[in-house]
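Colleague: I would like to learn how to read a protein model. Could you take me through one, feature by feature?

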Amino acid sequence: MSTTTAWVVLFIAGLFETGWAIGLKYTEGFTRLWPSLATAACMIISMGLLGLALKVLPVGTGYAVWVGIGAAFTVALGIVLFSEPMNAGRLLSAGLIVAGIVGLKLTSA
C-alpha cells in the first residue's frame, strides 16, 4: 500500500469512527438491536482500516489523526443531529483539532 493510499484509508477509518461515536447515542445503551449492530459494524470497520493504514504510517501520527478526524466530525454531527451547542469556544476547539490533524499530516514522512 502506498503512503497516499494509507492516508485515504486512514481518513475513511476516521469517518467510520465518527459513525460508531454517533451510533452510540442511537443504541440507547445497546438496548436497541439495529443501531447496536450498525455501531458495532462501524467499530470493526474503523479498527480494521486503522490497522491497515498503520502498516504504512507512523503509529503515533496515524492514531492521532484517526482520533482527530473522529472527534472533529463527531462534534460537527453533534451540533447538526442533536442540537448540541454551537458557540465560539466549541468551534475554535474543533478548529484546533483540525489544525492538529493537518499539522501531523504535513510533518509526516
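Modeller: Let us start with a pair of helices. The crossing of α3 and α4 is left-handed. Keep in mind that this is a predicted model.

Colleague: How are two packed helices described?

Modeller: In general, by the angle between their axes and the distance between the axes. Here, α3 and α4 pack at an angle of about 150°. Their axes lie 9 Å apart.

Colleague: Are α3 and α4 roughly parallel or roughly antiparallel to each other?

Modeller: An angle over 145 degrees counts as roughly antiparallel. Therefore α3 and α4 are roughly antiparallel.

Colleague: Which residues make the contact?

Modeller: From α3, they include Thr61, Val65, Gly68 and Val75. From α4, they include Arg90, Ala94, Ile101 and Leu104. By type, the residues of this contact divide into 13 nonpolar, two polar and one charged.

Colleague: Now step back. What secondary structure does the chain have?

Modeller: It has four helices and zero strands. From the N terminus, the order is α-α-α-α. The C-alpha atoms fill a box of roughly 40 × 35 × 15 Å along the principal axes.

Colleague: How many of the residues are buried?

Modeller: Buried residues make up 31% of the 109 in the chain. In soluble globular proteins, nonpolar side chains tend to be buried together. The largest nonpolar core in this chain has 13 residues.

Colleague: Which members of that core touch the most other members?

Modeller: Leu10, Leu57 and Val65 do. The elements that give two or more residues to this core are α1, α2 and α3. α1 gives the most, with five residues.

Colleague: What should I look for in the backbone?

Modeller: Most residues other than glycine have a negative phi. Phe30 is not a glycine, yet its phi is positive, about 60°. Ser83 also has a positive phi, near 55°.

Colleague: Where are Phe30 and Ser83?

Modeller: Phe30 is in the loop between α1 and α2. Ser83 is in the loop between α3 and α4.

Colleague: Is Ser83 buried or exposed?

Modeller: Ser83 is exposed, with a relative accessible area of 66%. Phe30 is partly exposed, at 48%.

Technical notes. Residues numbered from 1 in each chain as written. Predicted model: local features only at pLDDT ≥ 70, side-chain atom pairs only at ≥ 80, totals over all residues. Heavy atoms only, no water. Core = buried A, V, L, I, M, F, W, Y, C linked by side-chain atoms within 4.5 Å. Buried < 20%, exposed > 50% of the residue type's maximum accessible area, 1.4 Å probe, protein only. Axes fitted to C-alpha atoms, helices over the stretch in contact; angles between N-to-C directions. Parallel < 35°, antiparallel > 145°, perpendicular 65-115°, else oblique. Left-handed = near helix turned anticlockwise from the far one by under 90°. Contact = heavy atoms within 4.5 Å. Nonpolar A, V, L, I, M, F, W, Y, C, P; charged D, E, K, R; others polar.
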